[in-house]
Amino acid sequence: MVADALLTDAAADARAVERLRALVRIPTISRPTSGPGPRPDRDAFERFIAALPELYPRVHAALERERLGTDPGSAEPDAAGPDAVGTPTGPGYTMLYRWPGSDPSGAHAPTVLMAHYDVVPATDEGWQHPPFAAELVEHDGEAVVWGRGAIDDKGALAAVLEAVERLLEAGFTPRHDVLLLFGHDEEVAGTGARAVVAALRERGIRPSLVLDEGGAIVEGVFPGLHEPAALVGVTEKGITTLRLRVEQKGGHAASPPPLAATERLARALLRLTARPARSRLDATTREMIRTLGSRVRGPLGVVFRHVDAAAPLLIPVLRRRGPETTALLRTTRAVTELRAGHAANALPESAEATVNIRIAPDESVADAVAAVRRAIRDERVTIDVLEPSEPSPVSPARGPAWDDLAAAIDEVVPRLLVSPYVMMQASDARFLTSISEHVYRFTPFRLSTAERACLHARDERIRVGSYLEGVRVYAALLRRR
Ligand SMILES: [Zn+2]
């Protein structure tokens, strides 16, 4: 078949790697537009947008491209008003591509492939190879592209474009429309993806499948499982920030009251730690345990396959395994900031703590806040709820969209376990859940534990083999749509 020949061509693979490297070299670093520190470099974002038509000519000849959203790192457009600093005077920086399908009736149920091209900051310090040089190096016997964004998330963006470029070269047209949504401000929880969702909703579009970053093909993440598995996020935890505050009369430190503001706040925080949120296994996590457990041998495998009956036994075991598995079990709370006092000999008039909350998929922001209130049981500690975002609805791990994704993975990596899971981090995908019931979070790259540890840290890199495998998964998925 012509298509398959093109998809495994060695020269094409080499060109694919060069394109990825060209994109990693452009330092599209996301930074907030307020507060101390440097501002985002708008020019880098423009250069990135301008580089794409040169690197992927067929995509840009066959697909329409729109620019939506705001400037890099700009303020919330709705809240700030049209005259706020950073709102666009020209086109926005989030890109939406449309690949028209052969069946016009499918225009309202497109496949949406997402990625973002902004990256978190990096300086040369501590990197084995500079973060924006995109060096192609040999590492542990494999060819590797080194640099910030090689995985998160320019790797995914480039792989999507590469897949479309190759399919166009092979003369392929999808049945339904395919949309590519490339955000510019994911790393600063910006508004680009939201602007696109608003535009799609206005056009009456209900995507039949959305695929964004999230899980990957991973190994060594599940007890007793000695083979890789594809973890596909079908939901993500909710997120909110609580501001806990105690206000009290100040005074001289020589005659303190029974509980100064600082002490009352400290007591509240200790009570919070003493009464963590309830542990349980939500439906998605149970399905993950059953799926991954299907290939675990011995008594452990039996327990996993009968997770419903074994849950009371399993929960304490998972809790003891460490913070990552504990986070799977419940809503988490982390005290991230403390503020109080201005002098060594004066009682503070106020004390404040910030608590970052990640809400389990079967709970709500209101449930989580109520649980915090109950744990603290002190009316003099006021609680402000900032930027609440509910857990995402759960997309089904069955049905045509899921089956196409699973089949695409199986076509490239036969017999690989494909399992749903609850994503712990927040992503742009959550905004798409308001217009689609089939939102999945999965980047089709094989990532080792060491490679995953480099995300948002030093020495981010992707193996060339893993990258090319990802290109093939995206292409296999699109050929089914
Ligand atoms: Zn990302």
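**Figure 1. Strands β9 and β14 are joined by 7 bridges and run antiparallel.** Strand β9 covers residues 238-247. T241 stands opposite L386 in β14. Two strands count as paired if DSSP finds at least two bridges between them; strands (E, at least two residues) and helices (H or I, at least four) are DSSP runs, numbered from the N terminus. The model is predicted, and local features need pLDDT of at least 70, side-chain atom pairs pLDDT 80 or more, while totals for chains, interfaces and linings use all residues. Residues are numbered from 1 along each chain as its sequence is written, and side-chain values use heavy atoms, without hydrogens and water.

**Figure 2. An open sheet of 4 strands has the order β11-β13-β9-β14.** The pairing is antiparallel. Because β11 (332-340) and β14 (381-389) stand at the edges with a single partner strand each, one side of each has no neighbour in the sheet. From one strand to the next, the twist averages 20°.

**Figure 3. Helix α8 (residues 261-274) lies across β9, β11, β13 and β14.** Helix α8 runs at about 20° to β13. Angles, from 0 to 180 degrees, are taken between N-to-C directions of lines fitted to C-alpha atoms, for helices over the stretch in contact (heavy atoms within 4.5 Å).

**Figure 4. W99 and F172 form an edge-to-face pair.** Their ring centres are 6.1 Å apart and their planes stand at 75°. Rings of Phe, Tyr and Trp (its six-membered ring) pair if their centres lie within 6.5 Å; planes under 30 degrees apart count as stacked, over 60 as edge-to-face and the rest as tilted.
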